[in-house]
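Welcome, and thanks for taking a look at this one. Please have the sequence and the 3D view open side by side as you read.

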Amino acid sequence: MSAQERVNRLLSQKATEIAEVETKYSELLKNEFMTRSLEIKKHPNFWLKVLKNHHTLPRLFTQHDWDLLEYLEDLSVDEFAGRNSSVTYKLTLEFKSNPYFSNPNLWVAVSDEPPHTYTASGVLVQKDFCVQELDQEDKQSFFRLFEASEDSGSFWSQGGFVFEVIYGIKLDLWEDPYKYLEPSEAATLFFLVSLIMTCYETDTLGVGGSIWVSGFGMLVSTVLCAKLIFAHYKNLNYPSAQKLLFVVLTAPVLLGWPSWAVLVAGEEAVFLELLADTAKAVLSYFFTLYAICLLGKELNGDSYKFNPANLETSLLELGSVKHLLKCFGEIKLDSSQAVASFLKRVKICVIQYLVVLVLVFVGGVVYIIVDGSSSVGDLEESGYAGITAVKLLSTLVALYHFFTFSGALKQVPYLDQLNIGTKFTSIKLCFMATQFQPLVLWVFATLGLVADTEVCSVSETTVFASNLLMCSEMLALAFAQVFIYPPLEYKPDTERSPQPVKEALNIETTQL
């Protein structure tokens, strides 16, 4: 017997013994898997949590798939011996009664040998429903897998890909699902990196590059804001105003980072959009208080303090303030009561804006938690978009009185030295960019002037373009704030005392 014949005999003996061991443990594991399945069914939404916490599988599901997976009761992967030593793997999903399909079990079986032929259970859909409704614009539903055939033209009709998915589920999920019941730090990090690297998969690499460039820009903005706030802290010459200014100077951070996060997460980031709106309202409120402080500025040794009497005097000297719309005439400021009424009106209009956006934010978060929706489209379909009209009306009211108040402050002579007009302009531009810019871009996107609507939907284009612009605008604002709010502008000018001059003149006269 030759050496090769002995090698072949040993390899055959090895394969036989391995098959015997695998058969033995397969039977033992089968019983344990059945016991484990009974235990798992005691945990609500066990498999839904496990699938969501996995580091790669969530990329296979659409948002609508997750809604259906809430009815998932059990998941199993079985292994069967096939012809010529091949193995067939069968993935089975067991569901509770649901409004999507009537068959309780969906399964697909695939061979481990190329070309990886497979069969599927098919989906017995409920009335007025089809599996295609679970698709997204750039992704086919995972449940197409259970109705696909090799000649269907579906993404899931590729036998090799189906085998990789099912075999991967068997090795990494089915054998020990408990390790994904709670998200690990590594899984979370991997998910975040994957999410960033695969943003807008239907777009070009340039879009991904834009996201990274915007992220770097936001880091620069954050550093600039931190340095400017620290510079003001080191030069607290008007503490009452500058402490309010600390909040105003965070505008690029509070408005820019949520926009960048929306670039990463796409239309799924309703929570962040609502948070940015609320931050905008907070910024406008603090800026209003800051502007009122400037009106009441009074010299106090080598610094300034706030004096309510100076505030009243400054406005009384104006006599009146013109409405933004001339048809409304003028607001008389000829008495203490008139001045107090004017300031109260301005504060109320800004506060109502803050209250409305906070209520919208809280209502949106509650809706997302209760309904499970996380995309703009889901909220719009639910009728939640009707609140947009309330937000717009509230914004217009706040903006109108904001413009009127800025017009009044521009008439105060000593505020010219503080560039009060430029300060108001920076805040008003934040209003415009956050509230009206998306609407303009939506019109342009609808007309196909921003991107090809066959590649990206109008909503995707609007979300991406408006938030990309916002990141760029917040970077520009962070640079502009360095010049608009210089830390030393509140330092009182050193006035020359007449006594030293007189003494100098006496010396010169004596010498003469």
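Here is a short tour of a sheet, some aromatic rings and the charges placed over them. Please keep in mind that this is a predicted model.

**The sheet**
- Four strands make up an open sheet, ordered β1-β2-β3-β4 and paired antiparallel.
- β1 (72-81) and β4 (118-120) are at the edges with a single partner strand each, so one side of each has no neighbour in the sheet.
- On average, neighbouring strands of this sheet are turned by 10° against each other, direction ignored.
- Strand β3 (residues 105-111) runs antiparallel to β4 and is joined to it by 3 bridges; V108 has A120 in β4 as its bridge partner.

**Aromatic pairs**
- The count of aromatic pairs is 25.
- One of them is the tilted pair F95 and F143, with 6.0 Å centre to centre and 55° between the planes.
- This pair links distant parts of the chain, 48 residues apart: F95 belongs to strand β2 (residues 87-95), and F143 to the loop between β4 and α4 (159-174).
- F95 is buried at a relative accessible area of 5%, and F143 is buried at 1%.
- Y238 and Y304 also form a tilted pair, at 6.1 Å centre to centre and 55° between the planes.
- Y238, in the loop between α6 (205-234) and α7 (239-248), is 66 residues apart from Y304 in strand β6 (residues 303-306); both tyrosines, Y238 and Y304, are buried.

**Aromatic cluster**
- F95 and F143 belong to one aromatic cluster together with F61, W66, F101, F142 and F146.

**Charges over rings**
- R36 places its charged end over the ring of W174, 4.6 Å from the ring's centre.
- K90 lies over the face of W107, 4.9 Å from the ring centre.

Conventions. Residues numbered from 1 in each chain as written. Predicted model: local features only at pLDDT ≥ 70, side-chain atom pairs only at ≥ 80, totals over all residues. Heavy atoms only, no water. Pairing = 2+ DSSP bridges. Helix = DSSP H or I, 4+ residues; strand = E, 2+ residues; numbered from the N terminus. Axes fitted to C-alpha atoms, helices over the stretch in contact; angles between N-to-C directions. Phe/Tyr/Trp six-rings, centres within 6.5 Å; stacked < 30°, edge-to-face > 60°. Buried < 20%, exposed > 50% of the residue type's maximum accessible area, 1.4 Å probe, protein only. Lys NZ or Arg CZ within 6 Å of the ring centre and 35° of its normal.
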